[in-house]
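Hi everyone, thanks for making the time today. Let me put the model up, and then we'll walk through some sheets and ligand sites together.

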Amino acid sequence: MAHEVKTTCPYCGVGCGVIAKVEENGAVSIKGDPDHPANYGRLCSKGSALGETLDLDGRALYPTVDGKRQSWDAALDLVAETFSRTISEQGPDSVAFYLSGQLLTEDYYVANKLMKGFIGSANIDTNSRLCMASSVAGHKRAFGADTVPGNYRDLELADLVVLVGSNMGWCHPVLYQRLAAEKAKRPGLKVVVIDPRRTATSDIADLHLSIRPDGDVALFNGLLAHLVEAGAIDQSYIAAHTTGFAETFSAAASQSFADLLDATGLPAMQIRQFFQMFAATERSVTCYSQGVNQSSLGTDKVNAIINCHLATGRVGKPGCGPFSLTGQPNAMGGREVGGLANMLAAHMEIANPDDRDRVRRFWASPSIAEKPGLKAVEMFQAVADGRIKALWIMSTNPVVSMPDADAVKAAIAACPFVVVSDIQADTDTAQLAHVLLPAAGWGEKSGTVTNSERRISRQRPFKLAPGEARPDWWQMAEVGRRMGFAEAFAYSSPAEIFAEHASLSAFENHGSRDFDIGAYATAREADYEALIPFQWPQQAGETASESRFFANGGFYHADGKARFIVCDTAAPERVKADFPFTLNTGRVRDHWHTMTRTAKSARLSAHLAEPFAEIHPLDAASLGLADAALVELTSETGARILVRTLVTARQSRGSIFVPMHWTGETASLARVDTLVPSVTDPISGQPALKHVGVSVKPYNAHAYGFAVTAQKPIGLDATYWALAKADNGWRLELAFDSAEDWESWARATLGVPDSADMVGYGDATTGDHRLAFFDGDRLCAALFIARQPVAVSRNWAAAQLAGDFSDRRSRYGLIAGRPSAGEVDPGAIVCSCFSVGINQIANAVTDGCRTTEEIGQCLSAGTNCGSCRAEIRRIIDDITILAAE
Ligand SMILES: Nc1nc2c(c(=O)[nH]1)N[C@H]1C(S)=C(S)[C@@H](COP(=O)(O)OP(=O)(O)OC[C@H]3O[C@@H](n4cnc5c(=O)[nH]c(N)nc54)[C@H](O)[C@@H]3O)O[C@H]1N2
Ligand SMILES: Nc1nc2c(c(=O)[nH]1)N[C@H]1C(S)=C(S)[C@@H](COP(=O)(O)OP(=O)(O)OC[C@H]3O[C@@H](n4cnc5c(=O)[nH]c(N)nc54)[C@H](O)[C@@H]3O)O[C@H]1N2
Ligand code: SF4
Ligand SMILES: [Mo]
């Protein structure tokens with residue numbers, strides 16, 4: 001019988017509720033959960049495509065040791081013995097765990113307990129260091145605890161929403177849709193976007209401030225000074241609930257307007273307009289994300305923002321507050337269990353002896369870490385110089401996502417013992433594992449996650465884990481038991497772990513710590529099964545309610561007051577004569593990080609199918625870079641990457657944007673973090689991933705290519721390649737430094753059977769070659785080669801893999817590389833939910849559609865997740881403006 005299971009999306013921190021419907025034949029369909037308070041039924045493109053990412057292609061199915069299959073027992077014994085031996089020979093700080101904000105709270109809790117309470121080291125850090133560390137540090141400095149005061153509803157209750165360093169339209173799409181819907185209903189709600197790039201998010205902005213990289217501290221210091229001048233501060237809130245205002249104000253006021261203009265690069269008019277809007281609007285929310293956190297000034301940026309909210313008393317009231325948008329589905333849960341090297345558990349402090357003693361007694365542990373451990377960047381440096389000899393990496397892909405990624409790769413490769421737990425067997429990191437442990441993935445595992453608004457929701461399984469894959473908490477607990485801590489790790493289910501975590505949160509708390517979910521300390525399996533999403537805190541005996549913090553003070557510093565923080569750090573200079581451009585990095589709409597899941601979906605891969613560098617038209621012209629040419633970027637790390645040029649005026653001058661997603665699995669030379677030096681924020685340890693000096697030059701290949709192929713290519717040998725999933729196979733972008741025997745190349749690489757028929761065309765003078773291989777009536781591969789980047793309709797060509805070529809004449813149409821008369825070429829995909837391409841939208845506009853709504857009615861495009869609406873709007877504008885000219 002078909003059945004439905006309520007669970008939570010495994011991607012971003014919005015934490016949308018999902019209903020997975022499992023048909024009798026095992027097929028899974030996904031829809032938004034109308035009852036979940038994060039999304040009320042909405043899903044974005046990635047959430048909607050979850051069903052397309054559940055296949056077994058590339059899954060890790062059984063444990064391996066040195067690449068050979070092993071039993072779980074043998075693999076776990078080896079891990080436990082090696083960790084125990086290393087600890088007894090070299091001390092507890094010679095081992096480390098590197099974890100992830102994508103682990104479930106229960107996984108994370110067990111790992112943290114094992115490392116801090118039983119191994120006795122705090123060398124446990126996570127990719128949240130690359131993501132949320134500056135927010136955590138900023139919250140702790142200001143509030144005395146890592147507390148997000150408000151909730152999502154506040155964005156809808158506000159009259160002003162300021163988005164700083166957040167591309168919410170693409171990265172928190174459902175929250176963005178909630179904001180956009182409210183703004184459409186209530187145009188008085190103003191939106192300001194502060195981002196060097198004009199992103200899809202800017203589409204709904206009343207004001208876009210194209211700030212100079214790292215100009216944010218100067219801007220918010222300027223705002224603080226302005227708020228005082230304009231009489232917009234809340235003196236009674238400042239007096240009753242804060243300290244440090246006078247010094248902070250005088251430091252902020254010492255910045256001249258000329259310095260402000262210089263640091264931000266913004267026109268004076270725009271700065272004044274923003275300041276006036278903020279001063280005049282009581283109900284204002286400032287959301288921030290990686291443009292703030294991932295900076296060598298990240299913590300100061302966070303505090304400069306919080307200062308302005310404290311000064312106006314706009315904290316924790318409906319429609320007010322600073323709001324850190326968390327990236328990963330369980331970034332918050334990881335913080336709650338103390339998964340970072342400088343935290344303990346349940347928001348207790350490793351540096352505080354009372355906290356240490358309390359946690360040790362609760363765990364009945366033999367020893368507890370006495371000092372903070374190594375933060376991510378330091379941890380991999382310690383791996384590199386041999387201080388760490390055994391490393392367990394779980395649910396993250398640092399060979400791609402860490403700064404100085406080639407150094408991280410070399411460090412892992414040289415480490416004497418590396419365990420990797422992943423769902424996929426061939427990630428760039430998993431390839432370096434001595435022991436690879438297959439993890440149960442989303443839809444197979446069970447536990448809880450906490451979203452950006454402190455709401456805890458269940459992830460529930462709806463299918464069996466394939467092969468021998470097992471949950472991460474089980475792997476950790478088994479190793480804990482085998483290391484001699486049988487009693488402390490005798491868990492038989494995630495429900496037990498959750499109840500222990502809840503009871504630790506309430507243990508000797510009495511309101512002294514913000515994180516308290518004591519109401520769940522006695523939860524049994526059945527309660528856990530039935531758990532509905534709730535926000536913390538929820539103390540024992542209390543019922544769940546929508547909560548906010550700090551409207552009436554009650555901060556977690558000893559005196560109960562918040563701190564104003566002097567943020568006077570100047571923006572660093574990263575561009576140098578040799579590296580004159582600023583490299584900015586981040587995300588695209590339809591891919592998730594290192595793409596190990598989203599790259600499985602042809603729909604998600606169609607939006608942006610290869611790695612690219614966005615560059616302003618004037619910069620492109622001065623460098624002699626044509627749109628779609630290849631471009632080479634180098635930096636002081638000595639590494640280089642090779643990606644496609646995307647010329648766009650959305651980019652500001654002097655700055656290049658490259659997405660973080662492409663890996664060694666999906667492209668030849670596009671791991672952007674190889675270019676990023678390990679510069680970190682001195683307080684949070686978070687790397688500066690958005691501000692790197694690079695040099696940029698055109699790369700002229702001898703020949704360019706595009707291929708579609710039914711089989712996954714093997715042994716790819718090309719100067720440039722980028723691989724993306726298509727509906728019935730793969731699409732491949734190519735470039736070569738020399739001419740090849742194209743037929744042999746295609747046969748060797750594209751999995752063409754010997755028996756295949758070939759239709760071909762080649763012209764040595766122009767360098768144009770087109771080859772198509774047919775197996776019976778089906779296309780098995782086609783290769784298009786030219787001296788310039790190949791002009792072939794990509795989506796149309798990929799769709800031909802499903803075509804019927806029994807009429808042999810149709811084979812020549814394929815060689816021509818374009819649709820025959822009467823056939824529609826959808827063009828590049830804009831709406832991935834409904835696979836609607838740019839040509840279809842353009843045709844609809846020519847036929848009279850003038851609004852995104854009309855396009856939606858005609859083509860359905862933009863009517864599901866809505867995150868392509870900004871692009872649709874732009875297409876309409878471009879065409880109507882052209883028509884008007
Ligand atoms: N589609 C998609 N969504 C995701 C993810 C994904 O991989 N794909 N990942 C999730 C995760 S883990 C995270 S952390 C979030 C990240 O979500 P976001 O932080 O919204 O995304 P990013 O693209 O990393 O960066 C945001 C913006 O910061 C801007 N920026 C760069 N430098 C500066 C600066 O100095 N000042 C200011 N004000 N802005 C600057 C960039 O131009 C960029 O547009 O997304 C989450 N959601
Ligand atoms: N240049 C640059 N670098 C960045 C960023 C940036 O903006 N710019 N952003 C940074 C940020 S904010 C983040 S969050 C990181 C993200 O970077 P990563 O964490 O390295 O990226 P993911 O691809 O999410 O890696 C998750 C891994 O876990 C595996 N996995 C999935 N589900 C499970 C599971 O249930 N169990 C286990 N054990 N494994 C599983 C996946 O296959 C994948 O290999 O990147 C950081 N790096
Ligand atoms: S906004 Fe999209 S990616 Fe984020 S939780 Fe919701 S459906 Fe998942
Ligand atoms: Mo993140």
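Let's start with strand β12, residues 284-288, which pairs with β13 in the parallel sense over four bridges. Strands here are DSSP runs of E with at least two residues, and helices are runs of H or I with at least four, numbered from the N terminus; two strands pair if DSSP finds at least two bridges between them. Within this pair, Val285 sits opposite Gly321 of β13.

Before going on, a word on the ground rules: this is a predicted model, where local features need pLDDT of at least 70, side-chain atom pairs count only at pLDDT 80 or more, and totals for chains, interfaces and linings use all residues. Residues are numbered from 1 along each chain as its sequence is written, chains are lettered from A and ligands numbered from 1 in the order in which they are written, and side-chain values use heavy atoms, with hydrogens and water left out.

Back to the sheet. It is open, with five strands in the order β10-β9-β8-β12-β13 and parallel pairing. Because β10 (207-209) and β13 (321-324) stand at the edges with a single partner strand each, one side of each has no neighbour in the sheet. Neighbouring strands are turned by 15° against each other on average, direction ignored; the axes are lines fitted to C-alpha atoms, and angles run from 0 to 180 degrees between N-to-C directions.

There is also an open antiparallel sheet of three strands, ordered β1-β2-β3. Its edge strands, β1 (3-8) and β3 (28-32), each pair on one side only. Strand β2 (residues 17-22) joins β3 through five antiparallel bridges, and Val22 has Val28 as its bridge partner in β3.

For polar contacts, meaning pairs of N or O atoms within 3.5 Å, an oxygen atom of ligand 1 is 2.7 Å from an N or O atom in the side chain of Arg587. A nitrogen atom of ligand 1 is 2.8 Å from a backbone N or O atom of Val588. The protein covers 99% of the 910 Å² of accessible area that ligand 1 has on its own, by the Shrake-Rupley method with a 1.4 Å probe.

Ligand 2 has 32 residues around it, and Gln102, Ser401, Asp422, Thr594 and Asp673 come nearest. A polar side-chain atom of Asp673 is 2.6 Å from a nitrogen atom of this ligand. Taken alone, ligand 2 exposes 920 Å², and the protein buries 98% of that.

Last stop, ligand 3: the residues around it include Cys9, Cys12, Cys16 and Cys44. Both α1 (45-48) and α7 (173-185) supply at least two residues of its shell.

Methods. A polar contact is a pair of N or O atoms within 3.5 Å; within protein, one must be able to donate a hydrogen and the other to accept it, and residues adjacent in sequence count only if both atoms are side-chain atoms. A residue is near a molecule or strand if one of its heavy atoms lies within 4 Å of it.
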